[in-house]
Amino acid sequence: MTPAEKLAHQLYELSMNMWWAWNPAVIKLFRDIDSDGFRASKHNPLMVVRRLTGERLHDLAGDAAMRARVDRAYREFRAYISPTTPTWAETHAAPLRVRPVAYFSAEFGIHESLPIYSGGLGVLAGDHLKTASDMGLALVAVGLYYRESYFRQHIDREGQQHAEYVSAPTDYLCTTLKTGADGKPLIIEVPLAHERLLAQVWQVNVGRNQLLLLDTDLDGNSDENRRLAARLYFGDQRMRIRQELLLGVGGIRALRACGIDWSGLHLNEGHSAFATLEYARLRMIETGASFAEVAQDVAQSTVFTTHTPVDAGHDRFPPALADEHLEFLRQSLRLSREDFLGLGRVRPDDPREALCMTVLAFKMSRYANAVSCLHGRVTRRAWQVLWPHHREDEVPVGHITNGVHARTWLAPAMQELYSRRIGPDWADNLTEPKMWARIEGVLDAELWETHRTLRANLVSFVRREVAAQRRRNGHTEEMIQAATTALDPDALTIGFARRFATYKRANLLFTDVERLKRIVCNSDRPVQIVFAGKAHPADQPGQEVLKTVVQASMSLELRTRIVFVEDYDINVARHLVQGVDVWLNTPRRPQEASGTSGEKVLLNGGLNLSVLDGWWAEAYDGLNGFAIGNGVCHVDVAEQDRRDAESLYRVLESEVVPLYYNQDEQGVPHGWVAYIKRAIRTLGWRFNTDRMLRDYVVECYLPSAGVHSCAMRK
Ligand SMILES: *Cc1c(COP(=O)(O)O)cnc(C)c1O
């Protein structure tokens, strides 16, 4: 092999495993090799590799420093894939080594270059996968291959959102087609009402584990079916039930076709609950037993995580639609129509009741959990009807609070600070309170300086992005220029980015615009706010809220202080969570099941200003961030909104702004930094996915694989 060939081979192998997505040095390597190609492809290393010419490779191979960097990245990658010391899972979860956990999710947010996610659920699934790999936990993930992803957001001059669907070219995604023994692409079949749906299976490598993605865009499918999995969360109920059949039934068939046997199923949200029925069908064939008998076994090895108390978040299919699509399952499970539909009903014998995926998932899983302590209580109350003989607090639904994958979300500069001051092996000890306590020993000035640099990066990112967006969207030259000078790198910077679902109340801050102006436009103590987020294309009220925010960001008085960044995705999220001082979160309690974006901010030295909902309800201690309201909910929604707005303004005026601007001669706000340190010390060890996954292993995966353990916490 010539040096150029060796280099090409190493770079290709690195680009084909998404391990790079949580290794900043490797990302920088690809960026340095071809910054244009990297940027044009939403930071996709494979695109960089595809664009390499013979000449360019030759030049790179002739550069000793570059060769050394690639060698080093490659060695680290190989060492990661085949570790020589035992991983956490080898030591603590040995019984799970033989067969992987099969993890089903409708979306996966691993990196912006693989756009098969819409928001929090997907990002959580992505972080789950990365962490399983880091911990050496065998896990195989199953999802759908959305060629046109969710959607790209454009906002016109009136503040109206427009959705654009772009098809990603397959050869630039780091996927390979699964093939059978004959070398031909593996094709699985899912029986639908009057036809068979075909799917091929793509493999994405995520560190030591793989993600399988089902793709229906192939010959042999009708045009309608070819497009079935083109877009995420799109289309009517008919499309949804077909997508969910593909995910659940197709997913189990794909695992089987790939020769993968699993220790248990983990349903990340109810979308994939049909997997349990397909699994039951296979067990009946294998054992000859009845559905009632195998259902016990299937439930014993199934974990179900429910993610939202919002009613619209639970798919319900009318009986006729279910009849049409599930007849093959019903027949193979040898169930009467009533017994079959009853699996997805609260009242099994109510013929009008729809089939609810959440109910099906609860009934077919032995281990069910919510995603924060408060969400656990809310879930037990909401679904107690399924356990009529249990008191509310006895309902067998526990909680495991969501976390975030630290190395994905931490700015490289913060990672360096932690390596320097907390310990070079900080990333291996994320769940250790003692380790995080060392943050108290870091000099205020050093921590603050690091954070200032990150804020300055955010300000340049926002100016660049917003100017480019306004140019694309046909704004006036004046508005484009305004974007290039918006924001002040030293002003108190608030971030708000999330889906524009109305319960998240992005407009709460605009309840009293005059009061907001007084806070934001104070010339001695300016405050600036960066917004981002998409409203679902079918959500008109959400789009109206978005319009309010965008219009404010274009008004003469506010436009230097309030900006809206288009097309919220993992890339925008990363910039925001790394650079803001304050992360604002204003859901109507208790509708935010967990929320994870605030956890990303916390590790980067930002503070949370949030309603006591989701993770924040169990995280806030009075001195590690700020609370909106006191956790009491008013029955009247309008009254609740009014009180929360009042509390938000008051906390900003009397706590947040004064604490931030109380700075010494060098500009260091010691009181503020004390809050940052306390947040990192008290929360860093809990709100990460290492802690989360250990909880899943101990409380769900081991017991579901037949290894007895303690019961779920409530
Ligand atoms: C983290 C993240 C989310 C989830 O954030 P919430 O706090 O649940 O709103 C959504 N979208 C993106 C792109 C993210 O990175």
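Predicted model: local features only at pLDDT ≥ 70, side-chain atom pairs only at ≥ 80, totals over all residues.
Which residue forms a salt bridge with Glu478?

Residues are numbered from 1 along each chain as its sequence is written, and side-chain values use heavy atoms, with hydrogens and water left out.

**View 1. Glu478 pairs with Arg559.** Here the closest N and O atoms of the salt bridge (a side-chain nitrogen of Lys or Arg within 4 Å of a carboxyl oxygen of Asp or Glu) are 2.8 Å apart. Glu478 sits in helix H21 (residues 477-485), and Arg559 in the loop between helix H23 (540-554) and strand E17, 81 residues away. Helices (H or I, at least four residues) and strands (E, at least two) are DSSP runs numbered from the N terminus. Arg559 has a relative accessible area of 12%, so it is buried; buried means under 20%, exposed over 50%, and partly exposed in between, with a 1.4 Å probe and protein chains only.

**View 2. Asp567 meets Lys42 in a salt bridge.** The closest N and O atoms are 3.7 Å apart. This pair links distant parts of the chain, 525 residues apart: Asp567 is in the loop between strand E17 (562-565) and H24, and Lys42 is in the loop between helix H3 (35-40) and helix H4 (45-51). Asp567 is buried at 13% relative accessibility, whereas Lys42 is partly exposed at 28%.

**View 3. Asp297 and Arg283 join two helices.** Their side chains form a salt bridge of 3.0 Å, N to O. Because Asp297 lies in helix H12 (residues 291-300) and Arg283 in helix H11 (residues 274-287), the pair ties together parts 14 residues apart in sequence. Both are partly exposed, Asp297 with a relative accessible area of 39% and Arg283 with 22%.

View 4. Ligand oxygen atoms take part in polar contacts (N or O atoms within 3.5 Å): one is 2.5 Å from a side-chain N or O atom of Ser597, and a side-chain N or O atom of Lys600 is 2.7 Å from a ligand oxygen. The protein covers 94% of the 390 Å² of accessible area that the ligand has on its own, by the Shrake-Rupley method with a 1.4 Å probe.

Notes. Polar contact = N/O pair within 3.5 Å; in protein donor to acceptor, adjacent residues only side chain to side chain.
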